[in-house]
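Here is a short note to read with the model open beside you. Take the points one at a time and find each place as you go.

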Amino acid sequence: MEGNNSTEEVNKTVVLLIATLATFLTPFMGTSLIIALPTISGDLAVNAILLSWISTGYILTSAMFAVPLGKIADIYGMKKVFTYGIVILTISTILAALSPSAEFLIIMRALQGIASAMIFVTGLAMITSVFHPKERGKAIGINLTAGYAGLVLGPVLGGLLTQYLGWRSIFYCIVPLCLLVLVLVLWTMEGEWGECKGEKLDKWGTLLYILMLSLVLVGFSTITETFGIIMVVLGVIGFIGFILWELRVENPVLEVKLFFENRRFAFSNMATLITYIGTFAVSFLLSLYLQYIKGYDPEITGLVMVVQTIFMVIISPVSGKLSDRFDPGKLASLGMVIISIGLLILSLINAETSLYTITLALALIGIGIGIFSAPNTNAIMGSVEKKYFGVSSAILGTMRLLGQTFGMGLILLVFAVYIGSVQFTPQNYPELLMSIKVTFVISVILSVIAIFASLARNKK
């Protein structure tokens, strides 16, 4: 019996190590590339809207495929889906480094997004499956810390690599870590996880979900055009049809009833969605602000941007551990209040704003997100039965990605109104600054709404 316990402990450690290394990859890839966007714009002659799609393409496909892949992982095995995800991520990353054009780079980023969805929906679900509920918050905190470490190193290394070796080197430096994770999975991870083996995949629901989400998200990013409005309307109709289908099918790809029957689950996910819409704009817009309006190089920009994520790394494991002892919903709500204060400071930004003010705002947002994320994740995963771990992990990831996508959609909308499809030049810097201010004001409003959504989860 002791041998079995020992083996179980070893495998728990292996699963946590592998999932944590993989969790580091995707945010590192996102934040490091954000710092490189102005350089990519000059190198590949990219306009403001197309430049935004380098980030949007990655997030869009992640959001589209996360829920279906979560269900597929529950049926066919989480380890299997996780492994294929690492393989696809490795290949698409190599090809992204070789991109001859912005369009090719966007396609590779879309493939990276699918691979990332395969990784994150299974990584968190595997951790939740192997750890006891009393240990789960701590494990989730460790896992999230790795993600935040990726966020910390992303701007710093991204700035250094872009300045001294070029933006393509960012992709090349990710490949060895992808290969390391793949070797660890194949050689050390034992067992397989999947609570829905034998179930049939809801193919029509899956297709409807992907179609509905792509219509809404692509339409939202072109909402200033008639085509975009038509896409959003069709997407909303598809969304209604999807909900009705999922409520009647035997093995739905998305357990819609969780939102209707589980208040804690529903409001925790709503808080996640609104929080990420409000906070995702920070890194993207400040990268443009610091390099274009303030005139700093990528290296300095990366060092400034890292302030937020340093606090996230420090706070997240502590809040994860505290969420095992105290009400995670209340902890998450406290985090949202602090985030709102940081965003409020950024909404007052102008061309003369000091680095000290920006650093203070980033520190507050980092502390707030650190307090919010792990307890909120623990509240979601602890509110469902074991058989829903995979799909709940996927729903949580989708809420995060939808928040990021709508956050980018918000930026695209504001850019379309104030700047248009042109490259950034000193002549349109005033319009860029106005776009940044307007987006941050909207982010403050959204973050206040998220506070109420977070508090509502505990009401009877």
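The points below cover the model itself, its pocket and its cysteines.

1. Please keep in mind that this is a predicted model, where local features need pLDDT of at least 70, side-chain atom pairs count only at pLDDT 80 or more, and totals for chains, interfaces and linings use all residues. Residues are numbered from 1 along each chain as its sequence is written, and side-chain values use heavy atoms, with hydrogens and water left out.

2. Start with the largest pocket, which has a volume of about 660 Å³. On a 1 Å grid over the protein atoms alone, a pocket is an open set of points where a 1.4 Å probe fits, with protein on both sides within 12 Å along at least five of seven lines; lining residues have an atom within 4 Å of a point. The volume is the space filled by probe spheres set on the points.

3. Which residues lie nearest the centre of this pocket? They are Phe239, Phe259, Leu273, Met399 and Leu402, out of 25 lining residues.

4. The lining has 23 nonpolar residues, two polar and no charged.

5. The whole structure holds zero disulfides (pairs of cysteine sulfur atoms within 2.5 Å). For cysteine 173, the nearest cysteine sulfur is that of cysteine 178, 9.7 Å away.

6. Buried or exposed: how does cysteine 178 count? Cysteine 178 is buried (under 20% relative accessible area), at 0%.

Methods: Nonpolar A, V, L, I, M, F, W, Y, C, P; charged D, E, K, R; others polar. Buried < 20%, exposed > 50% of the residue type's maximum accessible area, 1.4 Å probe, protein only.
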